[in-house]
Amino acid sequence: MFIHAQRNWKKAKLKEQTQINRSLRKSMERTSKKLLEKESKLAEASKMITVLRAEILELLRKFKSQEIKLTTRGSERQEHVEQMELLRKKCQEAFQNTQKLQASQALNSENELKIQELEMKLALQEQDCMIVKNMKTDLSRLPDMERERKRLREENTYFRNLL
């Protein structure tokens with residue numbers, strides 16, 4: 001009877017652990033999906049960086065073109081210098097924006113990895129807590145089971161002596 005109850009208890013614990021594992025898998029799948037979405041956003045941002053870099057190269061090309069025109073047109077020199085300064089500022093702003101975007105992407109990636117790592121640690125810790133709790137429950141029942149075993153042995157001895 002006791003073995004049967006113990007088997008049922010083990011089956012229930014196994015079923016409970018299986019459900020916990022399923023829940024953890026679903027949580028990991030949701031986290032993976034979020035990560036894929038973040039990676040998609042990062043890919044879009046990378047494309048944007050490429051476009052911005054192309055714009056920077058185009059602006060630099062225009063800047064150099066303006067420098068050449070300055071040397072050939074003395075009367076338009078002042079106007080061209082002002083345009084060059086404006087283009088230079090735009091290049092710097094674009095470059096700074098690109099650097100800020102790259103830094104933000106790197107920080108975002110790091111944060112996503114940290115979040116995923118912490119979620120995994122939390123899931124494992126919760127699983128460990130459940131195992132420890134189950135083991136404590138089992139251990140707390142051990143003295144009672146020992147007393148019951150001793151009592152049953154004494155009864156068996158008593159009944160054997162009666163026969």
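Before I name any helix, I note that helices are DSSP runs of at least four residues, numbered from the N terminus. I also note that this is a predicted model.

**Entry: the pocket**

I looked up the largest pocket. Its volume is about 180 Å³. Which helices supply at least two residues each to the lining of the largest pocket? I found α1 (2–72) and α2 (77–162). α2 gives the most, with 6 residues.

I then went through the lining residues. Among them are Leu24, Ser27, Met28, Thr31 and Ser32. The lining also includes Gln116, Glu119, Met120, Leu122, Ala123 and Glu126. I sorted the lining by class and got 5 nonpolar, 4 polar and 2 charged residues.

**Entry: the rings**

How many aromatic pairs does the structure hold? I found 1 aromatic pair. The partners are Tyr158 and Phe159, with ring centres 5.5 Å apart. Their planes stand at 65°, so I wrote the pair down as edge-to-face. The cut-off for that label is over 60 degrees.

**Entry: the cysteines**

I searched the whole structure for disulfides and found 0. Is Cys91 buried or exposed? Cys91 has 8% relative accessibility, so I marked Cys91 as buried. The cut-off for buried is under 20%. Cys129 has 49% relative accessibility, so Cys129 counts as partly exposed.

Methods
Residues are numbered from 1 along each chain as its sequence is written. This is a predicted model: local features need pLDDT of at least 70, side-chain atom pairs count only at pLDDT 80 or more; totals for chains, interfaces and linings use all residues. Side-chain values use heavy atoms; hydrogens and water are left out. Rings of Phe, Tyr and Trp (its six-membered ring) pair if their centres lie within 6.5 Å; planes under 30 degrees apart count as stacked, over 60 as edge-to-face and the rest as tilted. A disulfide is a pair of cysteine sulfur atoms within 2.5 Å. Buried means under 20% relative accessible area, exposed over 50%, partly exposed in between (1.4 Å probe, protein chains only). On a 1 Å grid over the protein atoms alone, a cavity is a set of points where a 1.4 Å probe fits but cannot get out, and a pocket is an open set with protein on both sides within 12 Å along at least five of seven lines; lining residues have an atom within 4 Å of a point. Grid points are joined across faces, edges and corners, and a volume is the space filled by probe spheres set on the points. Ala, Val, Leu, Ile, Met, Phe, Trp, Tyr, Cys and Pro count as nonpolar, Asp, Glu, Lys and Arg as charged, and the others, Gly among them, as polar.
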